Amino acid sequence: MGLLLGWGCRPDSKCRSNCEGITALVTGSASQGRASASEVLPAVRGLERLIEALRVLPGVGPRSAQRMAYTLLQSEREGASELAQALEGALGSLRHCARCNNFTEQEICALCASPRRDSSLLCVVEMPADLAVVEQTLSYAGMYFVLMGRLSPLDGVGPRDIGLDRLLARAGDRDLREVILATNFTNEGEATAHYIAEMLRAREITVSRIARGVPLGGELEYVDVGTVSQAILDRRGL
């Protein structure tokens with residue numbers, strides 16, 4: 001507002017009083033606009049609740065949640081209704097499989113109930129998405145156990161939070177010969193694999209870890225040094 005008062009005005013002129021009047025009018029309008037906005041926003045509680053609900057999704061911040069909410073309400077109302085019904089149905093019907101801990105609509109999932117699966121092998125993964133990736137390889141026909149997470153003491157996630165007591169009970173099956181640890185190669189994933197390995201070795205169960213190294217079709221000059229180093233350490237005979 002200082003620019004408005006000082007620009008082109010003489011201190012003793014009538015122009016200065018006119019500028020002061022304009023300044024007061026503009027300031028009052030702005031204050032009134034802010035007051036009106038603060039009065040209107042709290043009334044849209046349904047929208048605010050939707051935005052906050054969308055923020056529980058991983059990687060979704062306030063702006064992304066706001067854009068999603070506006071899109072669902074403005075141009076995808078039919079899709080929003082289907083999403084709400086699907087979410088409500090999933091929450092009401094899905095449960096954890098009594099054997100592998102994956103999501104299912106039955107007490108025992110289709111994989112665990114299949115007579116074609118090799119019950120002597122048990123692959124431990126962190127999340128259902130990891131199980132799906134292993135299945136897509138078509139190179140594994142054993143059983144699974146889904147941790148639904150990984151050990152993370154800093155986040156307060158301990159052994160019981162990822163069902164290690166259930167895994168230990170599952171490892172007591174008479175047909176089981178080997179447990180394959182397929183947790184991610186992150187610090188938390190490595191710590192989880194090490195903890196499980198030590199826990200199972202005490203029961204004299206064979207434990208293995210999935211290999212890591214140069215990707216299929218990869219060229220060494222384009223692979224990072226850490227991956228090449230691990231590939232050399234995990235080399236195998238031909």
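This is a predicted model: local features need pLDDT of at least 70, side-chain atom pairs count only at pLDDT 80 or more; totals for chains, interfaces and linings use all residues.
Local features here need pLDDT of at least 70, and side-chain atom pairs count only at pLDDT 80 or more, while totals for chains, interfaces and linings use all residues. Residues are numbered from 1 along each chain as its sequence is written, and side-chain values use heavy atoms, with hydrogens and water left out.

A pocket here is an open set of points on a 1 Å grid over the protein atoms alone, where a 1.4 Å probe fits and protein lies on both sides within 12 Å along at least five of seven lines; lining residues have an atom within 4 Å of a point. The largest pocket holds about 320 Å³, a volume being the space filled by probe spheres set on the points, which are joined across faces, edges and corners. Its lining includes Leu50, Val56, Leu72 and Ala84. Helices are DSSP runs of H or I with at least four residues, strands are runs of E with at least two, and both are numbered from the N terminus. On that basis, α3 (45-54), α4 (62-74) and α5 (77-93) each bring at least two lining residues, and α5 gives the most, with four. The lining is made up of eleven nonpolar residues, no polar and no charged ones; Ala, Val, Leu, Ile, Met, Phe, Trp, Tyr, Cys and Pro count as nonpolar, Asp, Glu, Lys and Arg as charged, and the others, Gly among them, as polar.

The second largest pocket comes in at about 230 Å³. Four charged residues sit in its lining, along with three nonpolar and one polar; Arg212, Gly213 and Asp234 are among the lining residues.

Back to α3. Its buried residues (under 20% relative accessible area with a 1.4 Å probe, protein chains only) are Leu47, Ile51 and Leu54. They end up on the same side of α3 because they cover an arc of only 65° around the axis, taken from the directions from the helix axis to the C-beta atoms. That buried set packs against α4. Over on the other side of α3, Arg45, Gly46 and Arg49 are exposed, meaning over 50%.

Next, the cores. A nonpolar core is a set of buried Ala, Val, Leu, Ile, Met, Phe, Trp, Tyr and Cys residues joined through side-chain atoms within 4.5 Å. The largest has 24 residues, and Val124, Leu167 and Ile196 are among those with the most contacts inside it. To this core α9 gives the most, with five residues.

Key. Contact means heavy atoms within 4.5 Å.
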